[in-house]
Structure formats: structure tokens, C-alpha cells
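Please examine the sequence and the structure before reading on.

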Amino acid sequence: MNGGEPEPHAAWLPPEAFRALGARRVLVHGDGPLVDTVFDEVVWACAGHGGQAWRTGVGAKSGDAPATGSPAPPATGSGPAADDPAVERPAVDDPVVERPMVGGPVDLVLALRGTEPVPPVVPVDATATPVGDDGPLGDEGFLLVRVDDVTVVLADAPAGLLYGLFELVRLGEAAFTGDRPAQPHRPALRRRMLDHWDNVAVHPVMGQVERGYAGGSIFWRDGVPHGDRDRLRAYGRLLASCGINAISVNNVNVGAVEARLLTDRLDDVAEIADLLRRYGVRVHLSVTFAAPVVLGGLPTADPLDDGVRDWWDATTRRVYARIPDFGGYVVKADSEGQPGPFTYGRDHADGANLLADALAPHGGVVHWRAFVYDHRQDWRDRTTDRARAAYDHFAPLDGRFADNVVLQVKYGPVDFQPREPVSPVIAAMPATRLAVELQVTQEYTGQQWHACYLAPWWSEVLGFRPWGPQERTVADVLADVPGPGPGRGGDLVAVSNVGDDPFWCGHPLAQANLYAFGRLAWDPGLEPGAILDEWIDLTFPAPTVGDPALVRETLHAVLDDSWRTYERYTAPLGVGFMVNPAGHYGPGVDGYEYSRWGTYHFADRDGVGVDRTRATGTGFAGQYPPPWSQVYESPERCPDELLLFFHHVPYSHVLHSGSTVIQHIYDTHFAGVQEVVAMRDRWRGLADVIDRAVYDRVAERLEEQLRCATEWRDQINTYFFRKSGVPDARGRRIH
Ligand code: GCW
């Protein structure tokens, strides 16, 4: 039961998505808790769709009792619940199982390779290493093959079977037809992590979830654990199914109550870890750098103080005694008021290494955020540039970070804007392990009221080549693909968009962003459109909707270009930050212009944009290696979409597109609103075709998106018309 909460939407794992798998005769072979999870999933799927499940290879025993007619799905209707007393684990727990190994026909085998003997039903050909394969499957990889009418998933470690299972779910019937040559699957990135900015106690300004747009937190409510264990279990399952394997459970702005999760509230963290572990998700914690003072009663948190080191060592030992597979710490230090090593005259390598040393004996990592800048800037001061800050702080420290420090860098140099250049820090730290941080929560991209599919944007970021067209991409750097530049590998991290809203994300279509994040972290080369197809097939299985082709076309029409549509009706040409400062939703063209936050557009009667050149501006363009340092330096070569990020230009400046800056502003803002009208109209075509609750929620949000986009258009166009005095060449209405 789920404590009286409304049933959450099944997201991309409705029971129907398991039909192909659940209609088969399935053998699961291997031991260990994650294999139990796989088996529970199979049993549940078979119970729903008429298949049969067997289990072998458990400990010294081997059993083959079929598990047909197994129990109904658990209360959430969205997957098995192992510790739910209603779910028996058939046969595997029987003390003695005398029956022979499964020898009869099966359609699917999920087997751990090291567990002998391999069941005879696995075709011999299926165990051969594929030609041209380049190495072991690792902790999370799997081999998928189909020969002699048997589909086989082989893995060397239990997590591989879990990911293999969800690959089969994605494939549906296609997993059980024809032959399939052996294909290894491995995640490109070792850690695929979601950060929750969830507060334990409700923050007076930021609420239960900082920048959360999906109700409250699924972890915490008003100072205590939320208590909906079914919801957390279902969450773990959603995460695993798209490949996410790590999570942090509290905000990087760590308040007084949240700080105590590290010590006397550790049990609350352990409870989450216990639930997510069965889906291969490790729990991390955001900690305050001042913890030795605020929790330990020490007079200092100086990273070079012996007492401070001892405190972190002892505290971390206690964490691991309670949560043996604890992932590590996430730290926002010396940033936006959070404490850090600067207080003691130390630098960020000193600070990060202090925590890294405490975590190292236990195999943990510290994610140390590079989001460090002066948030008390004087707007009159044109020499300070917030975009420069992360590089200026961190590039000189390259080589000084311990092995288990992961420097977590926002994808852009400023702050999660819908358009920014890729952060130059990524190319500047060859001797440092990096994580690139994305924002799934739509703080600056419509707050889950606007449909804005972000995978195309993330794909651009991950595919960016910091050293030029022949060299490695950002994703290659994180995946540790050999080549010049950084060679340490890294993580992909994102700020979660999930809350206790029945649709998980407020906007049902925002679920696609969460799904796409996990998939891109697993394989950054996946096409955003193909990921969307996967998500559509799983979320709206053909037998459950009136007109599957129409559903697919409509979702593509609404989502494919939605990020660019959002860009068109908001801040132009990469200038960023024209959001309303009160909450970052809707337009506020000058909202940040005379503020302390370092985010200005400098529009005057002649032109707009920030001069970040070496020649005449802040010099930020020089933080890139060539060719980008030269491309960005030049207003002629700079890509249109970043022009105002790097240059202050007259309104009459002609873009590569052939349009002037001012006409581009007018045209894109009129076009953006037209596109939202089209999105809304397309959606209406699904009124009687999909689940009514989903339809209504999206329809309601598209109306709001249209209202808000119109406001953006009119404020931006009016603002620039009044500043420049240049009329719209097409004579449209500007106020
Ligand atoms: O974009 C800003 C947000 C802050 C956030 C900060 C950060 C958690 O407005 O709410 O604080 O980024 O990334 O630390």
C-alpha cells in the first residue's frame, strides 16, 4: 500500500510494456539480490501476460520450478514489490529442489556467465564471444543474442542482467523474432547520476524542492521522510530501466536539518538506499563543508586541520558501516552563500581532497561542483564576467585533485540557460575526473508547464568537439575514449525533475526528458528522435491507445523541435537570462540587468549583447582551445545562436542567416508563438485517443505555454522596438 497517496502514473513502464516478455517461457539463471530483482520482474510480467518463469543457479541449489500463475502486480500496478508479502518468490527459496535443470523449451534465458553449470537450454552458439568485440562486458554490460528461437541475455555481473532485462522490454516483440547476432551492450559512462535538490524541511523561499516543478519531494515531507516506500521502489525501477545508477537525495544548498542526514539522520538515508539498491542505484548525499563545525562542534572546518580530517574520517566510517555501498558526497562550496575552503584561505583542491581522502578507503567519490562565482557583483563593473569564473577558479588546480574527486561542471559557463556555449572547463582539466551536469528540472526551460524536449540540446552538448571537428567530443571525454586532452573519464549528472506529483514530473511529457537523460548517459550517441520513439512505445503501448500512428506523429510534432521553439520565444541569440527573477518563469527582460548576479545583456539604443572577446571584452573567448577561441572571438565567424553571448553588436548586424539582429528577434518571437499554437492544435487530435488524465494535463499545460509564450513575444519585441526604434519589416503588431 502507498499510505493513501494517489496512484502514480506508470510512466514508461506500464504493465502492457512487458507483454512480449511476459508471454514467454523464461529462465533466469544466477544468484544475488539484483538477479532476484530480475526474476521478480519476470515473474510479475509472466503473471500478467501468461508466460512461465524458472530460476536456476541460486547458491548451491538449482531449482526449476515454474512460477506460472504467480501473484498479481503490487498496489502501485507498476511493477513487482519483493518485500510485499503478497509476492511469493516461487521455488528459489525452497530448501531442497530435486528436479533436474530446466531442459525443456524456453524462449528466453537471462543468465550470469560465471554461474555454473550454464543451463543446457542456452544454445552453445549463444555463449561464443562475438567477432570483433573489444573487451569484457564489465559490471553493467550484457550480451544479447538470439539463436535457434531462443533469446539469450548473458552478463558477467548481476547489474548487466537487470539492464539486459529492460533492453528486452524496450525491444518488445522484436526481441523474440528472427535471429539476432550476439551484440554486447555496455554503458558508455560508468556513473549516470541524478541529483535531487530536495529539502528535508520546507525552505521558506525555495519550498520542499528547490527548483522543483512536480509537487513535493518523493523523499521528504515537512522535515521527515515522505514515507511512500512503494513510490520509491517504483522510482528505482524507472531509473534502472533507463540506465541511471546513482542518485543524491538532498539539495546541494544544505540547510541545518539536511546537514544532519550525515550523522544522526543517517537512518533516513539508509532507508532510501535499501529501497533503491534492488535496482542497482547507489545513494549519495549532499553535505555542507561546514559539517565539522555545525555537526561536530569543532571550532573550524579548515581542510588542513588534523581535527577536521579526523572528524570527516570517523563520520564517513560511520556512514559506510550503515550503508556499505554508499556512493559518496556532493558538495557545493563557496558558491551562492554555501561555506567552503575559501573561509580558511585554502583552495578547492584542498577542500575536495579532504572529503575524497575520507571516502577513498570505502570506494566512495566526492562530486565537487565547479559552480563557483561572485554572486555579489556590482552591475557597474564591466570587468568581472561570471562566465569566466569556473575556469578561472578550477583550471589552475588541474592535477591537484585526488583520484576519487569528480569535478562536476555545468554544461555551460553561466547557468543552465536554454542556449550557452559548452563550458570551457571541460577542455581545460586533462588530469581531473569530470562530470558534466545537465538540468532535467526545467528551471529555465518552462518549469514543466512548457513542453520542452531537451534531448536535442543535451545531444548537442555531448557531441560538441572542444578541440575542433576532427577531435573528441564531450561524451568521448566522459567516456574516456583515448585521444588528446583529458584522460580520466567521468560521469553524466543531471538535476532531477521528479516530485510526488501523480505524473512524477508535473507535465506528463516531461517524463521523456528524464528517460532521455538516462538513455543518453548510457549511450550518448543515441538520436533524440529515436529515444523519443522508445519512450512513446513504452509509455503509450499500441494496444492501449486508439490510434498508435497518430499518437506517435503527434508526440513528435509536439516535442521534436520544442526546445528550439522555446529558444525562439525567449532570450534571443544566446544572450540568456531575460527571465523573471522571481522564480525564473516568464519574461523579465531587464529583471537581472541591474542586479548582483552577473547576468546582463547590455541592451541600449544601438545594440545588445556581451563583449566576451579577448580584444575588447572580458576575454572569456580565450578560455577555449583553438579553433573555438578564434571562432568565438570573431563576430563574423561566431555561430548565430551564440552571437550575443560573445559579442555586443548593433541591431543592424547581419547574421549568417541573412537577417539583421533586430529582424531576427521579431521573426523568431512571432514564429515561436505560432509554433506553440500548432503544438496545442496538434495535441487536440489526441482527445479521444489516449488516457484522458494524461490528455487533460497536457492540454491544460499547452494553454499555459501559449499564454506565457505570447507574453514573452510581446515583452521582448516591445522592449527591443522601444530601445532600437527599428520597426518590424513585416509590419506586425508590436506594442
Ligand atoms: O541555477 C541556479 C539555481 C539555484 C541552484 C544553483 C546551483 C541549488 O537558481 O537554485 O541552487 O543554480 O546550481 O547550485
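The model is predicted: local features need pLDDT of at least 70, side-chain atom pairs count only at pLDDT 80 or more, and totals for chains, interfaces and linings use all residues. Residues are numbered from 1 along each chain as its sequence is written, and side-chain values use heavy atoms, with hydrogens and water left out.

**Nonpolar cores**

A nonpolar core is a set of buried Ala, Val, Leu, Ile, Met, Phe, Trp, Tyr and Cys residues joined through side-chain atoms within 4.5 Å. Buried means under 20% relative accessible area, exposed over 50% and partly exposed in between, with a 1.4 Å probe and protein chains only. The largest core holds 219 residues, of which Leu110, Trp312, Tyr329, Trp368, Trp535 and Trp683 touch the most other members. Helix α20 (residues 692-724) supplies the largest share of this core, 12 residues. Another core, of 15 residues, lies apart from it and includes Trp54, Ala126, Leu143 and Val145.

Neighbours within four places in sequence aside, Leu110 is in contact (heavy atoms within 4.5 Å) with residues including Val26, Leu27, Val153, Leu161, Leu165 and Leu168.

**Helix α3**

Helices (H or I, at least four residues) and strands (E, at least two) are DSSP runs, numbered from the N terminus. Among the buried residues of α3 are Leu161, Leu165 and Leu168. Because 12 of its 14 residues are buried, α3 is largely enclosed by the rest of the structure. From first C-alpha to last, α3 reaches 20 Å, close to the 20 Å expected at 1.5 Å a residue, where the expected span is 1.5 Å times one less than the number of residues. Just after α3, Gly172 takes a positive phi of about 60°.

**Pockets**

On a 1 Å grid over the protein atoms alone, a pocket is an open set of points where a 1.4 Å probe fits, with protein on both sides within 12 Å along at least five of seven lines; lining residues have an atom within 4 Å of a point. A volume is the space filled by probe spheres set on the points.

| Largest | about 860 Å³ | Asp139, Glu140, Arg190, Asn245 and Arg282 |

Helix α3, strand β13 (282-286) and helix α12 (474-479) each supply at least two residues of the lining of the largest pocket. Strand β8 (residues 198-203) gives the most to the lining of the second largest pocket, with four residues.
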